[in-house]
Amino acid sequence: MKKLSSLLVLCALSFVACGGSNEVAATVDGVDVTVGDVEALVSKVEDTTISKEEFASFLSFNIVLEIFARQAEADFGITFTDEEIAAEADEIVTIELAKLAEGKTREEFLKENEVTEQLLQQIAHQSLIQAGVLDAIKADLQPPTQEEIDTQRTQSAADLTQVCAAHILVATEAEAQDVLTRLEGGEEFADLAAELSTDTGSGAQGGDLGCQAAGGYVPEFATAALAAELGVATDPVLSEFGYHVLLVSERTEALPGELPTEDEVIELLLNQAATPASNDWFIAAASGADVEVNEKYGTWQAEPTPGVVPPAE
């Protein structure tokens with residue numbers, strides 16, 4: 001499987017005409033989608049065939065784009081010129097080519113990924129609509145509070161800070177204090193982890209948890225791991241799993257320039273808040289459209305994912 005962008009996963013396709021190019025494959029609110037419209041999206045391979053599932057997938061893409069373009073204009077006044085769509089298509093290809101770093105041309109890239117120019121333009125158009133709808137919904141949201149911003153920045157710092165840690169996990173605070181007493185008496189952390197830790201997996205490794213982003217741990221553990229003095233066992237840390245005694249041997253903190261700015265955090269939080277509403281809007285748009293599919297190409301469904309269900313036979 002190959003993919004051009006997160007908007008559409010493309011299967012390697014073969015092609016045969018499913019009917020005359022002017023044959024109506026579906027109608028969307030009275031607008032025809034023809035077999036030819038679907039054919040324009042398919043990278044043709046001589047003397048091979050396209051499956052009914054693949055045809056339904058590309059027909060779905062045409063239908064969904066027609067629905068979303070119409071509804072975005074009706075609800076938000078969102079429209080895009082051909083020039084704007086072409087510029088977005090150029091940006092998509094530029095980004096994908098930069099990832100490859102193999103000096104490929106646009107034509108070579110599209111051919112290898114079996115993407116026609118028409119499909120690329122439609123991918124770009126859908127990308128613009130999705131971004132436009134999200135922005136429109138975000139514009140009606142209350143900005144995040146300073147507390148929410150600070151919490152997210154702390155989480156971002158944790159996600160970007162690598163810690164190498166070990167722990168001993170026990171059920172009660174008294175047991176954790178006993179661990180600390182025995183450590184102060186000269187016993188080895190690894191030996192106590194093997195003997196006492198209820199996390200038997202790490203306990204067998206002397207409590208070693210390896211090195212990973214602090215943000216990958218539960219919040220209480222992450223906070224302690226970020227604040228711990230290197231090479232010194234911490235006071236007991238309570239989490240949902242019990243009481244931890246941590247030993248952080250190494251910590252690589254994020255550089256100031258790697259951390260998101262406050263404006264970037266605000267944008268992230270607004271995106272997180274708007275995304276569910278945006279998804280609901282897309283489902284509502286698909287559910288509210290009047291879609292009829294030629295029965296030999298399948299049937300339309302709006303939920304859980306809008307698309308054409310291919311015929312059984």
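**Close-up views of a predicted model**

**View 1. A bridge between strand 3 and strand 9.** Val 293 in strand 9 is the bridge partner of Ala 26. The model is predicted. Strand 3, residues 24-28, pairs with strand 9 in the antiparallel sense, over three bridges.

View 2. Strands of a sheet pair through backbone hydrogen bonds.

View 3. Asn 62 sits in helix 2. Is Asn 62 buried or exposed? Asn 62 counts as buried because its relative accessibility is 9%, and the cut-off for buried is under 20%. Leaving aside residues up to four places away in sequence, Asn 62 touches Val 33, Asp 37, Val 38, Leu 41 and Gln 122.

**View 4. The span and bend of helix 11.** Helix 11 covers residues 262-288. At 1.5 Å a residue, its 27 residues should span 39 Å, and the end C-alpha atoms are 39 Å apart, which agrees. At Ala 274 the helix bends by about 35°, and Pro 276 follows within four residues.

**View 5. The buried residues of helix 11.** Buried residues of helix 11 include Val 265, Leu 269, Leu 270, Trp 281 and Phe 282. Ala 274, at the bend, is also buried. The buried residues of this helix pack against helix 2, helix 5 (117-138), helix 6 (146-159) and strand 10 (299-301).

Terms used. Residues numbered from 1 in each chain as written. Predicted model: local features only at pLDDT ≥ 70, side-chain atom pairs only at ≥ 80, totals over all residues. Heavy atoms only, no water. Pairing = 2+ DSSP bridges. Helix = DSSP H or I, 4+ residues; strand = E, 2+ residues; numbered from the N terminus. Buried < 20%, exposed > 50% of the residue type's maximum accessible area, 1.4 Å probe, protein only. Contact = heavy atoms within 4.5 Å. Expected span 1.5 Å × (residues − 1). Bend = angle between axes of the 7 residues up to and from the residue.
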